[in-house]
Amino acid sequence: MFKILGFILLFRFIGNPFLALLILLIILYVLDRRFVGILPSIAKPFRRSRQISKLRTTISLNPNDVSAKFELARYLSERKKFNEAKTLLLEIEDRYEQSAEYWVEIGHVNLKLGEMEEGEAQVLKGLDINRRAQYGQPYLRLAEIFRHTDRDKALHYVSEFQEIQSSSSEAYYLAGSMYRALGREEEAKGAFAESTAIYRSLPKYKKRQERGWALRSFFAKMR
């Protein structure tokens, strides 16, 4: 109703339905990014491209900058350039032997490249060093990888993730999505319900961060 009313008012004021619709969409996007956080950031891909360009320049000037190589590898992985990311990660392995972040990152890259056994072992090695590396997200990555081939293993990794993020709406939304993908509908709805319940119990300063996940859980539960 609000959207329809807003469109009508804008149309009467501007006189052009296409321009009115465009302005309404921009307003809704700005409001979502400011107060909710469901829609993706349209600026993020551009910021990432700038960072990649800067890091490439840094490395060209100083080929021994291992931190720049590691950061570049992570950005490349986000852009699904896994072969290039792996090359960089292998170059700096001796400097990151005890880094949980390094092992979960190269493990993720190998999983995406189809190196299942090696990738899983590397991710688990990183999680052995620090079980809370990347806030437990590597467990969900493993669950996603194995959800079609080994459901028991996938569910195990989901439960490991939930143990780490037991007071996060995001955690239960992601777990619910995984349960649904595995065909475990009752568990999925339970996870979505828990996500919204956790949101209601959060202090005010945390609700802004978790609001988008709680809304996603609310609508997912209704499906």
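**Overview. The protein chain has 12 helices and 0 strands.** Helices (H or I, at least four residues) and strands (E, at least two) are DSSP runs, numbered from the N terminus. This is a predicted model: local features need pLDDT of at least 70, side-chain atom pairs count only at pLDDT 80 or more, and totals for chains, interfaces and linings use all residues. Residues are numbered from 1 along each chain as its sequence is written, and side-chain values use heavy atoms, with hydrogens and water left out. From the N terminus on, the elements read α-α-α-α-α-α-α-α-α-α-α-α. Of the 223 residues of the protein chain, 40% count as buried. Buried means under 20% relative accessible area, exposed means over 50%, and partly exposed lies in between (1.4 Å probe, protein chains only). The accessible surface of the protein chain is about 13,500 Å². Carbon and sulfur atoms hold 57% of that surface. Accessible areas come from the Shrake-Rupley method with a 1.4 Å probe; for residues, only the protein chains shown count as cover. Take the contacts between residues at least 6 apart in sequence: 47% of them join residues at least 24 apart. Contact means heavy atoms within 4.5 Å.

**View 1. Glu91 and Lys69 form a salt bridge.** Side chains of opposite charge can pair when their charged atoms come close. A salt bridge is a side-chain nitrogen of Lys or Arg within 4 Å of a carboxyl oxygen of Asp or Glu. The structure holds 11 salt bridges. In the pair of Glu91 and Lys69, the closest N and O atoms are 3.0 Å apart. The pair links distant parts of the chain, 22 residues apart. Glu91 sits in helix α5 (residues 82-91), and Lys69 in helix α4 (residues 66-78). Glu91 is partly exposed, at 45% relative accessible area. Lys69 counts as buried because its relative accessibility is 12%.

**View 2. Arg74, Glu101 and Glu105 are linked in a network of salt bridges.** Look at the bridge between Glu105 and Arg74: the closest N and O atoms are 3.8 Å apart. Here too the pair links distant parts of the chain, 31 residues apart. Glu105 belongs to helix α6 (residues 100-112), Arg74 to helix α4. Is Glu105 buried or exposed? Glu105 is buried, with a relative accessible area of 3%. Arg74 is partly exposed, at 30%.

**View 3. Arg131 and Glu160 meet in a salt bridge.** The N to O distance is 2.8 Å. Arg131 lies in the loop between α7 and α8 (137-146), and Glu160 in helix α9 (residues 151-164), so the pair ties together parts 29 residues apart in sequence. Arg131 counts as partly exposed, at 33% relative accessibility. Glu160 counts as buried, at 16%.

**View 4. Glu120 lies in helix α7 (residues 116-129).** Glu120 is buried because its relative accessible area is 12%. Which residues does Glu120 contact, leaving aside its neighbours within four places in sequence? They are Leu111, Leu142, Phe146, Lys153 and Tyr157.

**View 5. Lys44, Arg47, Arg50 and Lys54 form a positive surface patch.** Patches are made of residues with over 30% relative accessible area and no salt bridge; like charges are joined within 9 Å, and nonpolar side chains (Val, Leu, Ile, Met, Phe, Trp, Tyr) within 5 Å. Lys and Arg count as positive and Asp and Glu as negative; His and the chain ends are not counted. The place of a charge is NZ of Lys, CZ of Arg, CG of Asp or CD of Glu. Arg47 is in helix α3 (residues 44-61). Arg47 counts as partly exposed, at 41% relative accessibility.

**View 6. Phe218, Phe219 and Met222 form a nonpolar patch on the surface.** Together they have about 360 Å² of accessible area. Phe218 is found in helix α12 (residues 204-222). Phe218 is partly exposed, at 43% relative accessible area. The C-alpha atoms of Phe218 and Ala193 are separated by 7.3 Å, and the two residues are 25 residues apart along the chain.

**View 7. Lys80 has a positive phi although it is not a glycine.** The angle is about 65°. Lys80 lies in the loop between α4 and α5. Lys80 is exposed, with a relative accessible area of 62%.

**View 8. Gln134 has a positive phi of about 55° and is not a glycine.** Gln134 is in the loop between α7 and α8. Gln134 counts as buried, at 12% relative accessibility.
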